[in-house]
Amino acid sequence: VRKEVEQREKLQKLTEELEAKNVKLKELDQLKSEFLGFAAHQVKGPMNNVKGFADLIATGAYGQVSDEARERALKIKENAQRTVALVGNLLDLRKIEEGKMDFAFTQVDIVKVAKEMAEDYKVSAGAKGLDLQFASVAPSLLIKADEQKIRQVIQNVIDNSIKYTDAPSTSSGQKGFVKVAVEEQGDYALISVVDSGRGMSPELVKKLFGRFVRDEQTAKEIQGTGLGLYIAKQIVTAHHGQIWAESDGEGKGSRFFVRLAKQ
């Protein structure tokens, strides 16, 4: 009886200690989220300003500039855009963790959105010697979605394809590509992003949409957080859609698909 009483007392003490540590961990996690949100907001504003001014310089709003200066301004704009996207991913991660990601569903022309996103990335693709193409049989295709969130999904996928696609050697006579397309599949709209890039192993494809997942072979060479596709999946899932990736293997390019219900 004495032993049982002692064991119960020890168990009670351990339970209290664990509960206290759990409370402390929750407090630290909350502080981490608050700091992350504060830091991200502090970065996002200035980087948007940098992006805007670089765009004004590139378009000649402050007067004519040389081709070299224009090219540099577009590069600044591109890097600022990537930083803003990264900050957006960090803020969205915080919202997902706290269950506070909000959606404003409206009627959206997915053909128009996908085409605009492809146009936005033509400079980035061209800088790497890649051919970025857009195609859609239908001139318009309506879905019910949060337009900004769906833009973010397409942006993350296109950005991923460009990052992991290199221009082939000039001796091959071919050009690396990223092809963005929208097609109608019955009651659904299917957005696809196909590239001629590095491809993926079957093991990587299986875990690709997890949090902080990156290709270990290229992690040091190519910058990233491993959050873009994870957040894209959370957004698509909230739209009751599907997102997935395919690849025939390393060095054989990748194919990304997003399927969303039509309006």
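A search of the whole structure finds two aromatic pairs, where rings of Phe, Tyr and Trp (its six-membered ring) pair if their centres lie within 6.5 Å. The model is predicted, so local features need pLDDT of at least 70 and side-chain atom pairs pLDDT 80 or more, while totals for chains, interfaces and linings use all residues. Residues are numbered from 1 along each chain as its sequence is written, and side-chain values use heavy atoms, without hydrogens and water. Helices (H or I, at least four residues) and strands (E, at least two) are DSSP runs numbered from the N terminus.

**Aromatic pair**
- The ring centres of Trp244 and Phe257 are 5.2 Å apart and the planes lie at 25°, so this pair is stacked; planes under 30 degrees apart count as stacked, over 60 as edge-to-face and the rest as tilted.
- Trp244 in strand E6 and Phe257 in strand E7 (residues 254–261) are 13 residues apart, and the pair links distant parts of the chain.
- Phe257 is buried at a relative accessible area of 14%, whereas Trp244 is partly exposed at 23% (buried is under 20%, exposed over 50%, partly exposed in between, with a 1.4 Å probe and protein chains only).

**Helix H2 against helix H5**
- Helix H2 (residues 67–98) packs on helix H5 (residues 147–163) at an angle of about 125°, with the axes 12 Å apart; axes are lines fitted to C-alpha atoms, for helices over the stretch in contact, and angles run from 0 to 180 degrees between N-to-C directions.
- H2 and H5 are therefore oblique to each other (under 35 degrees is roughly parallel, over 145 roughly antiparallel, 65 to 115 roughly perpendicular, and the rest oblique).
- The H2 and H5 crossing is left-handed, meaning that the near helix is turned anticlockwise from the far one by less than a right angle; clockwise would be right-handed.
- From H2, Arg82, Ala85, Gly88, Asn89 and Asp92 meet Gln152, Gln155, Asn156, Asp159, Ile162 and Lys163 of H5, contact being heavy atoms within 4.5 Å.
- The residues of this contact comprise two nonpolar, five polar and four charged (Ala, Val, Leu, Ile, Met, Phe, Trp, Tyr, Cys and Pro are nonpolar, Asp, Glu, Lys and Arg charged, and the others, Gly among them, polar).

**Helix H7 and its surroundings**
- The axes of H5 and H7 come within 9 Å and cross at roughly 145°, and the crossing is left-handed.
- On the H5 side the contact uses Lys149, Gln152, Val153, Asn156, Val157 and Asn160, and on the H7 side Gly228, Leu229, Ile231, Ala232, Ile235 and Val236.
- The residues of the contact of H5 with H7 divide into seven nonpolar, four polar and one charged.
- Buried residues of H7 are Gly228, Leu229, Tyr230, Ile231, Ala232, Ile235 and Val236, and their cover includes H2, H5, E6 and E7.

**His240**
- His240 sits in the loop between helix H7 (228–238) and strand E6 (242–246), and is exposed at a relative accessible area of 69%.
- His240 has a positive phi of about 60° although it is not a glycine.
- Most residues other than glycine have a negative phi.

**Two glycines**
- Gly176, in the loop between H5 and strand E4 (177–185), is buried, with a relative accessible area of 1%.
- Not counting residues up to four places away in sequence, Gly176 touches Gly129, Leu130, Asp131, Asp166, Pro168 and Ser196.
- Gly45 belongs to helix H1 (residues 2–58) and is partly exposed at 33% relative accessibility.
- Gly45 and Val84 are 39 residues apart in sequence and 8.6 Å apart in space, C-alpha to C-alpha.
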